[in-house]
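Work through these exercises on charged side-chain pairs. Try each task before reading its solution.

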Amino acid sequence: MLLSAIILSGTQWVPVAAAFVAVTLALLAWSYRLARTRSDQPSHTLGFRLICAALKALAIVALAFSLLEPLLTEQRAKPGANLFALVADNSQGLQIHDSGDSRSRGDILARSLDPATAPWINTLDEGFQLRRFLFDSRLQNVRDFSSLDFAGRASAIGSSLQNLRERFQGRPLAGVLLFTDGNATDIPGALPDLSGLPPIYPVVIGKSDAVRDVALQRVAVTQSAFEDAPVSAQVEAAAAGFGNAPLVARITDRGGRTVTETNLTPAPRAGSGPAAARLQWRPEQPGVSFYQVRAGTAEDINRGLNPTNSSEATLANNSRIIAVDRGRGPYRILYVAGRPNWEFKFLNRAAQQDDQLNLVGLIRIARREPKFDFRGRAGETGNPLFRGFGDQTRETTERYDQPVLTRLNTRDSTELAGGFPRTPEELYAYHAVIIDDLEAAFFSPAQATLLQKFVSERGGGFLMLGGMESFNHGEYQRTPIGEMLPVHLDRPDAANPPGAVKFSLSREGLLQSWARLRDNEPAELSRLADMPAFDVLNPVRDIKPAASVIATATDANGKEHPALAIQRFGKGRTGALMVGDLWRWGMKDAESHADMDKAWRQLLRWLVTDVPNRVDITSEPQPSDPNGAVRLQVRARDEKFEPLDNAAVTIDVETIQFDTAAGTTNLPIRITASPSPDEPGLYEATFVPRATAGFKATTTVTNALGAPAGTAETGWSTDLAAEEFKSLVPNLPLLQEIARRTGGKLVTADDLPALAKELPSNPAPVMETITRPLWNTPAFFTLALAALLTEWGLRRWKGLP
């Protein structure tokens, strides 16, 4: 209880009490003085006399004080007027058995909340209205705790506390007893705002002793254009109770086939961090694929992580499903050359080995000539020498004032029939454009501007190859095409480097997976040393400030020249390959030819990476959502890559599980995406998973007329159980911080009976004042009597009168 004050109800007796005290104390002093003058006791007994006098004076004052009828006022929580919440964690994490304990954490929690075995609940119920709640991924009100099954997939401590605050806003909630192990799945960083909540008393469930377990801490997937192993996964696992036993990480596909496997490297010092490994593999099919990552001891992994013969506390945190999106082509690349050359031959052969690349060629076989009229028959514009050979109409007869172009690998007879595209609809159908040995005058001003917008606005890729009519020799300086190149074309450093040049990767180039052909630096440097020299190099002054040099060419004087440079330009990317006879590389031997083909494919893959399609879909997990909700965003564009409004967007979500050897695929769930008010052409939908699995979303977009605009797919995985079992040790720092912020304190199950008796005396929203007499209490008269008896005892002990 809170002591408020002591008040005097008999104030009319103040003069009488004061007179009584004054007279009595005067008589007491006179009697002690008289006794001293008549006594022959030594002087050192003076101190005892004073003590006796003080005790007798205390008794006199206490008796006089009782005449004033003192009353004691106290404050306490008004019984039945305040609410108190009992909140219990119902997640799977409480199925854990602590070391040496036959009961699970859930059994301990359930016993702590059973009125038959926990009489403190009745004690608390006498002073408060109890409200009972369970939480896992969400907070739910219950009549009692008999429904505890500890099957929840998440421990949403943060959102549950915020929900509790909203539910009791404006109501007299005096406190919260929070029963949990503190391993929250919805608090990735700092705690949410806890203002407005009453004191929270976290009840720690579980021991801090480490249990025998291997837990996947992190799986990070990265993708690259590196052809041999385009996908890599960084796997980190923490082990407790296994000593120096080796850990294994294994990746399997949906059919249960092992894709790759390696041992996890332990941290340099015990306890300094998780064991880690990097696994690489190449998916066999394009698009979205799903794999399962498993970590554990070699014995458990080989047994298939069977809980019946595993010594781990749980196997729920030993595996995760990952999604890999390799993209789905074909990626169409337009190659435009000023003359037939060897480069296109080898580039085309290399691209044909990748079924996701489609290289479309537009090659000039004759330049345009000055315009003149043939003197032939009336209305005849073609050369009369060809009269009688085939169709001689204006549309089919070759004209000398237009270049003669040949088309290769086109989709149909109409593609590129008019030469290089002149409209966005034609050009934007490609993902990238390559220009080789072609002068700037080939493009009209409108075409050059369109090509620049293709990169900066549409987000396409652009690459210029070296040659007789490229870069400075093609007079690209101060043109829209030259502006987006990563190199300066004004004032080249030399007309031509002296002699042949040696090709090598820069330090940054060695770090780019698409630029190197070997998986380690010594092997890559050895390969570069064996490359032949090249004779054709287009000199440039320097690279632009935002550009990067990926490869260099060293001349006979030891001077390095940029050989391959790249940069971002607007929404797209551009590259410049200044070497003009790269085909010599493939002429050395069969191994060099294979390396050259691989280098071309990786360069083309880099060129089309991240180039948007007419329809794109992305999945964005919501970290703060305890149910693992995912926001799906679809961006739809028309043929000019302008935002497509008034479209119908549907998304089919397929659930992919690894619960059988062949994988399980459920029927897809169809949802409809709604237009976003924040961005034109953006359509959004939210998907909440109902199981731990992989998910593949395929969107179909139709325009306002009902015509198909395109499809796209994406994939992701949700593994709430892995997050729930990420740590098996109670998170005491989190619980202590919750208690500190709200004014509560951390308690254990053994502290609950004492806490239940203490809580009614603590501050609460609704308090009551209790007034009771102090003067007639046993303690008050005991004080007076004790003072008199003590005074008498001291006098008898010392033989004082």
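**Exercise 1.** Which side chain meets D193 in a salt bridge, and where do the two residues lie?

Step 1. D193 meets R165, with 3.8 Å from N to O. A salt bridge here is a side-chain nitrogen of Lys or Arg within 4 Å of a carboxyl oxygen of Asp or Glu.

Step 2. D193 is in the loop between strand 6 (173–180) and strand 7 (200–204), and R165 is in helix 5 (residues 157–167). They are 28 residues apart. Helices (H or I, at least four residues) and strands (E, at least two) are DSSP runs, numbered from the N terminus.

Step 3. D193 is partly exposed at 46% relative accessibility. R165 is partly exposed at 21%. Buried means under 20% relative accessible area, exposed over 50%, and partly exposed in between (1.4 Å probe, protein chains only).

The model is predicted: local features need pLDDT of at least 70, side-chain atom pairs count only at pLDDT 80 or more, and totals for chains, interfaces and linings use all residues. Residues are numbered from 1 along each chain as its sequence is written, and side-chain values use heavy atoms, leaving out hydrogens and water.

**Exercise 2.** Is R573 buried or exposed? Find its salt-bridge partner.

Step 1. The partner is D610, with the closest N and O atoms 3.7 Å apart.

Step 2. R573 sits in strand 23 (residues 572–577). D610 sits in the loop between helix 13 (590–608) and strand 24 (615–621).

Step 3. R573 is buried, at 11% relative accessibility. D610 is exposed, at 63%.

**Exercise 3.** How many salt bridges does the whole structure hold?

Step 1. The search finds 31.

Step 2. R364, R367, E439 and E469 are linked in a network of salt bridges.
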